[in-house]
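Let's take a walk through a protein chain together, stopping at a few residues along the way. Have the structure open and follow along.

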Amino acid sequence: DTNIRKCLYAKNLERIAKVSFSLSFTVNCAYSSTASCAAAASPLDLSATPPLPFHRSTTLLRMKKFFPVLSRDKSTSSVNLEALETQHPSESIKVVDYELLETYPGIRPPISSYHPHIQNEVRKAYLKIGRHQPPHNFVYPWSLKGNQRRRFGKNWFDLYDWIDYSESKDLAFCLPCFLFKNVSKYGGDHFVTEGFSDWKNSQRLANHATSSNSHVDCVHMSYALMNPNQSIKAAFVNQTKQMNFEYRVRVNTSLIATKFLLRCGMPFRGSDESFNSLFKEPFLELVDILKEINPEIANVIDCAPGNNFMTAPTIQKDLAAACACEITQQIVCDIADDVFCVLIDESGDVAGKEQMIVVIRYVNSEGLVKERFLGIVSVKETSAKSLKEALEKLLSINGLSLSSIRGQGYDGASNMRGKFGGLRTLIQNENPSAYYVHCFAHQLQLALVACAKTHKDVSGFFDKVNMLVNFIRSSNKRQELLRDKHVSQFAKLIEQGQIETDSGLNQESSIARAGDTRWGSHFRTLTSLMTIYGAIIEVLEEVGKDTSFEKYGETMLLLDVLQSFDFIFMLYMMVEILGFTNDLSVALQKRDQDLLNALSLVKATKEELQEMRNDGWEELISKVMEICNKHDIDMPDLDAPYVQGKKPRRHATTSSVSNLHHYKHDCLFSVLDLQLHDVNARFDEENTERLQCVSCLSPSSSFEAFDVKKLLRMVELYPNDFVDVPKVVV
């Protein structure tokens, strides 16, 4: 306020306008712009200031009405200053009142003196008011230019629609240049601040209107300000909005197709992606379906430029990668800096490159166990050190750490589960709480595989079964013949009353090829073979009648094998053994299986295998003899020396064994011992103890399995997860 009075006393109207407008919005600018006046003058009262001219006093009065005046009280003034400083710029913008604006050319404050947030509003107000013209009866004064008298031409208002005239200064000004001269990059300030008074050279007015780049720019900006919807900038903005909308439609369409294919696990690309192809590829076909459903999508995509369809292979890869990043980020957020377990396996891609697949298992904030795919990492070699470095890199990229791992799950390879140089050991060296627990179902699979590869009789038996399956399934005619024989046998048995009939019983069956990695499929294959054994014999006999058949020798060989006592004995023995392990395998692969039940099932399977070794021989040999009698198969004398195939053993008098010893000890007991040894070795007591300790916290049956000793043992196993736990004496 004091600074304003000093400026008034100095009769500096331009400084008054600048300080007044600056005080209304940025007080700091006002103090900086009047620093020189404050150093040279002392505070004076407004009433002591000399009277101002009429137009200046009017200007000051209008500015006081238009802009807020700060209080003279120091306390209230400081409050107002703080309020203005903290006020948001948009809150300080006022509605411009036309009556409060100074319209006299030459004395009106420049546009730059207004706050930037209201400059356009002030310009609009001036343009709506229009240029300043004297009254019709105004007599323009003469001015002497040399020996000639000249004055402003009244008809110039009709010739130039931009001209302003100041009666008090007898000068002409340009209204568009006054409004936008600080924005334009061209020309001087002659028609803005100095004014034009060279009435003799009126041609300069025409030159200003036609030859001045600055004037042309200002006129265009004036038109654009008053007609925003018709300006080039507005048209460009509208066009940009439409282009952005169409771009988003194309991107969203491609994203919908990408998400669908990712959920279904389907490929994106095809062999023929040309326009005339009957089936381009899954991605393009899905985009075409979306176009058929939604005509708006079809119009946008069909009218798009050739390089902006958003369906290129690179776009597909980018969208798939973006989806993968979002999903991975959501998984990491779901973990929420908690502990987790890692499941790792190795695989090779179609290019022959080794890859490491990482899956994490964790418990989210809702108490639900989640198992999520984290990523695939390419590795140059499959050594334990290389795999550990790749795992650390993947975890660090996703904001995870090895210190948060509480469990490891790998296959039985030495580079993964080795106790001295395996991946499990390298991780446990840095994080002792990251214990290794092999998947129970996979350990059972490995035990069965070890038995099949180690025992020669079992290995030979499965080779014969595979040969039989391939012979049957390699011909549709033989499969159809097998189904017909099976149906006719069922009809005969039902007629004889030997089997029951009910809904779901006696379904049509066929022999399926066993999988290499799923030994549960071997059990299903053997049970099917037992069910349709008679039908298979009839098929082989009928096919063997044709001596010209190219596989006649193979047919006769299979017929001899299936009608041998060795094959029947191995068939029923393996069905009994695999029956125990198959129940365990199915139970272990259930998603809702708890730890206690899994441990009890493993223990029960061991007991069943041991019980069969102790007391299962009599029951097994009785079943085998019954089947041999039913199908007229020759049974050997169990007390006679064992003969392998049709050739007697050499040195039979000194090294031969009886048939009973061979089938009971060399076959049954040997296979059971291998199974028990491998199961005991893989389901060791160390992992069993850890699982029992964890299972003591199970809430099932009102914490029936709770045990304080097991809980204290778990505290010893995971010391970093139980801090400040007092010692408890039990």
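## A glutamine on the inside

Q316 has a relative accessibility of 3%, so it counts as buried, the cut-off being under 20%. Keep in mind that this is a predicted model. You'll find Q316 in helix α16, which covers residues 313-335. What does Q316 touch, once you leave aside its neighbours within four places in sequence? Its contacts are F268, R269, E281, F283 and T311.

## The whole chain

Now zoom out. The chain has 33 helices and 9 strands. It is 730 residues in length, and 39% of them count as buried. The accessible surface comes to about 42500 Å², with 52% of that belonging to carbon and sulfur atoms.

Take the contacts between residues at least 6 apart in sequence: 63% of these join residues at least 24 apart. For an example of residues from separate stretches coming together, look at S404, in the loop between α17 (384-397) and β8 (405-409). S404 and D338 are 66 residues apart along the chain, yet their C-alpha atoms are separated by 6.9 Å. Not counting residues up to four places away in sequence, S404 touches D338 along with V339, F340 and N431.

## Salt bridges

Side chains of opposite charge can pair when their charged atoms come close. How many salt bridges does the structure hold? There are 15. One of them is between the side chains of R108 and D164, at 2.8 Å from N to O. R108 sits in the loop between α6 (74-86) and α7 (119-129) while D164 is in strand β3 (residues 163-166), so this pair ties together parts that are 56 residues apart in sequence. Buried or exposed, these two? Both R108 and D164 are buried.

Next up is D302 with K291, whose closest N and O atoms are 2.9 Å apart. Here helix α15 (residues 295-302) supplies D302 and helix α14 (residues 282-293) supplies K291, so the bridge ties together parts 11 residues apart in sequence. K291 counts as buried because its relative accessibility is 19%, and the cut-off for buried is under 20%.

E371 belongs to strand β7 (residues 369-378) and R361 to strand β6 (residues 354-363), so the pair ties together parts that are 10 residues apart in sequence. E371 counts as partly exposed, at 41% relative accessibility, and so does R361, at 36%. Elsewhere, salt bridges that share partners join K280, D288, K291 and D302 into one network.

## Patches on the surface

D583, E607, E608, E611 and D615 form a negative surface patch. Which helix gives the most to the negative patch? That's helix α27 (residues 595-615), with 4 residues. D583 is placed in helix α26 (residues 565-588) and counts as exposed, at 53% relative accessibility. Helix α26 also holds E576, which is partly exposed at 25%. E576 touches M612, L620 and K623, if you don't count residues up to four places away in sequence.

There's a nonpolar surface patch as well, of about 350 Å², made by L697, F703, F706 and V708. F706 is in the loop between α32 (700-703) and α33 (708-717). With a relative accessible area of 41%, F706 is partly exposed.

Notes
Residues numbered from 1 in each chain as written. Predicted model: local features only at pLDDT ≥ 70, side-chain atom pairs only at ≥ 80, totals over all residues. Heavy atoms only, no water. Helix = DSSP H or I, 4+ residues; strand = E, 2+ residues; numbered from the N terminus. Buried < 20%, exposed > 50% of the residue type's maximum accessible area, 1.4 Å probe, protein only. Contact = heavy atoms within 4.5 Å. Patch = residues over 30% accessible without salt bridge, like charges linked within 9 Å, V, L, I, M, F, W, Y side chains within 5 Å. Areas by Shrake-Rupley, 256 points an atom, 1.4 Å probe, with all protein chains shown as cover. Salt bridge = Lys/Arg side-chain N within 4 Å of Asp/Glu carboxyl O. Lys, Arg positive; Asp, Glu negative; His and termini not counted. Charge placed at Lys NZ, Arg CZ, Asp CG, Glu CD.
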